[in-house]
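Here is a short briefing on a protein model. Keep the sequence and the 3D view open as you read.

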2 protein chains.
Amino acid sequence: MQVIPLQGLPRVRKGDDLARLLVESGRIESGDVIVVAQKVVSKAEGRTAEVRSAEDKLGLALGEAVRVLRRRGSMVITETRHGLVCANSGVDLSNAEEGTAVLLPLDPDASARALLRQISHLTGASPLGVVISDTFGRPWRRGQVNVAIGVAGFEPLLDLRGARDWYGRELSVTEICVADEIASAAELVMGKSRGVPAAIVRGVEGIVWGSGAAAGIVRPPAEDLFR
Amino acid sequence: MQVIPLQGLPRVRKGDDLARLLVESGRIESGDVIVVAQKVVSKAEGRTAEVRSAEDKLGLALGEAVRVLRRRGSMVITETRHGLVCANSGVDLSNAEEGTAVLLPLDPDASARALLRQISHLTGASPLGVVISDTFGRPWRRGQVNVAIGVAGFEPLLDLRGARDWYGRELSVTEICVADEIASAAELVMGKSRGVPAAIVRGVEGIVWGSGAAAGIVRPPAEDLFR
């Protein structure tokens, strides 16, 4: 499997044709999954807002939330409209113009599908996958990792129910979240301070092409032991 | 970045020289991180136990735990002696002989350091990293992902405090858990039912070689909003 940074992307602004910029910055081939940082998707879609203070930012975060799980100072852990649990509803000031915050896309799966459609059209490559990634903390473990908040073109969860191990015994693992693992793999070549907001992941073993969406990764409250 | 499965490894048994098996199954080069599934490390170390029933398994899981966070039927979410929060303290029956459960290594960081030392000795390659990976669920998101439970040879957390973004602003992300991202990237070529328990991750951007350990990934209770 190869993970290839898409370098030389210009700073993205509202209205930019992000699909074209991605296609121009790398050689996208059939079978590739293109991972794009949420930040540039949101900017292209104009999902930004003015912020003058920490209170402004907190107000934006609360406006994007359906529920507040934890609060420490001006930082909140929230559940967003999309069902994502993250810091400040994903509202972030880094890699944005002064006085500007970037919000999550309104519908990251729709954003991923639109990018997939446009990249397919421009390149003729098929199958293709698109992941929109963001950097989330998690309980119990230090450090943040990239996860998939938008998915198009493949199934984000690899269903192993009924699969057998080397010894012919049923696996206790039932589902692998390949979309999150792809987002994490891509982060290893992207980097926040190097200005590489996209990467190609090529050659994922056993990927299932299809019409999956990141909405399917959100654990239903009834299944969730930690809600 | 390349992620290369180490194929053709035989079934590992207690006392096997795992470092030699890994070296023989692939071409390890300077700068590689070798990711090894916890299961084979535990087997080589003889960390297995007899199980006759679900009650036996639950007993083993509780014996490995310092705290039970949640319980559903015979499944428990526990905190292990290592500070890992996972299902059944990592006790698992799949990819093990009939009537046998595999437990986590007593000290996965020590296991990683021993593998690193032996692989360095056998290959002469330097620097090298080793990750011992396991497959964990997480709150709020469906599907499991591979994380690092043992680390040697590099810093598992990439410290971005004070780093600047493209616009010269301080990043809001402070630490990336590259070790977990490396474990996840490797999982995409390993697979539970294909019998590929190890992979090389080659060319991680910005990796910091050093004497880090996975124990450093465990979030101290005082910092943890979800403990």
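**A residue to start with**

B:Asp56 counts as partly exposed, because its relative accessibility is 31%. This residue lies in helix 3 of chain B. Its C-alpha atom is 9.6 Å from that of B:Ala101, although 45 residues separate the two along the chain. Keep in mind that this is a predicted model.

**The sheet in chain B**

- How many bridges join strand 4 to strand 5 of chain B? There are six, and strand 5 covers residues 75-80.
- B:Arg70 has B:Ile77, in strand 5 of chain B, standing opposite.

- Chain A has an open sheet of three strands in the order 4-5-6, and the pairing is antiparallel.
- Strand 4 (65-72) and strand 6 (85-87) of chain A each have a single partner strand, so one side of each is left without a neighbour in the sheet.
- Neighbouring strands here are turned by 25° against each other on average, direction ignored.
- Strand 5 (residues 75-80) and strand 6 of chain A pair over three bridges, in the antiparallel sense.
- A:Ile77 faces A:Ala87 of strand 6 of chain A, standing opposite this residue.
- Helix 3 (residues 54-63) of chain A packs on the sheet and touches strand 4 and strand 5 of chain A. The direction of helix 3 makes about 135° with that of strand 4 of chain A.

**Salt bridges within the chains**

- Over all chains, the count comes to 24 salt bridges.
- In chain A, A:Arg47 forms a salt bridge with A:Glu64, with the closest N and O atoms 2.9 Å apart.
- This pair links distant parts of the chain, 17 residues apart. A:Arg47 is in the loop between helix 2 (38-44) and strand 3 (48-50) of chain A, and A:Glu64 is in the loop between helix 3 and strand 4 of chain A.
- Are these two residues buried or exposed? A:Arg47 counts as buried at 14% relative accessibility, and A:Glu64 counts as buried at 10%.
- In chain B, B:Arg47 and B:Glu64 form a salt bridge, and their closest N and O atoms are 2.9 Å apart.
- B:Arg47 lies in the loop between helix 2 (38-44) and strand 3 (48-50) of chain B, and B:Glu64 lies in the loop between helix 3 and strand 4 of chain B, so the pair ties together parts 17 residues apart in sequence.
- B:Arg47 is buried, with a relative accessible area of 14%. B:Glu64 is buried too, with 9%.
- B:Glu79 and B:Arg67 meet through their side chains in a salt bridge (3.0 Å, N to O).
- B:Glu79 is in strand 5 of chain B and B:Arg67 in strand 4 of chain B, so this pair ties together parts 12 residues apart in sequence.
- B:Glu79 counts as buried at 12% relative accessibility, whereas B:Arg67 counts as partly exposed at 32%.

**A:Arg202 and its contacts**

- Salt bridges with shared partners join A:Glu29, A:Asp32 and A:Arg202 into one network.
- A:Arg202 lies in strand 12 (residues 198-202) of chain A.
- A:Arg202 counts as buried because its relative accessibility is 18%, and the cut-off for buried is under 20%.
- The side chain of A:Arg202 reaches the backbone oxygen of A:Arg27 at 2.9 Å.
- Leaving out residues up to four places away in sequence, A:Arg202 touches several residues, including A:Met1, A:Gln2 and A:Ile4.

**Where chain A meets chain B**

- In this interface, 77 residues of chain A are in contact with 77 residues of chain B.
- The area buried between the chains is about 7,500 Å², and carbon and sulfur atoms give 54% of this area.
- Six salt bridges are counted between chain A and chain B.
- B:Arg142 and A:Glu175 meet in a salt bridge through their side chains (2.8 Å, N to O).
- Which element of chain A gives the most to the side that touches chain B? Helix 5 of chain A does, with nine residues.

Conventions
Residues are numbered from 1 along each chain as its sequence is written. Chains are lettered from A and ligands numbered from 1 in the order in which they are written. This is a predicted model: local features need pLDDT of at least 70, side-chain atom pairs count only at pLDDT 80 or more; totals for chains, interfaces and linings use all residues. Side-chain values use heavy atoms; hydrogens and water are left out. Two strands pair if DSSP finds at least two bridges between them. Helices (H or I, at least four residues) and strands (E, at least two) are DSSP runs, numbered from the N terminus. Axes are lines fitted to C-alpha atoms, for helices over the stretch in contact, and angles run from 0 to 180 degrees between N-to-C directions. Contact means heavy atoms within 4.5 Å. Buried means under 20% relative accessible area, exposed over 50%, partly exposed in between (1.4 Å probe, protein chains only). A polar contact is a pair of N or O atoms within 3.5 Å; within protein, one must be able to donate a hydrogen and the other to accept it, and residues adjacent in sequence count only if both atoms are side-chain atoms. Buried area is the accessible area (1.4 Å probe) that two parts lose on being put together, summed over both. A salt bridge is a side-chain nitrogen of Lys or Arg within 4 Å of a carboxyl oxygen of Asp or Glu.
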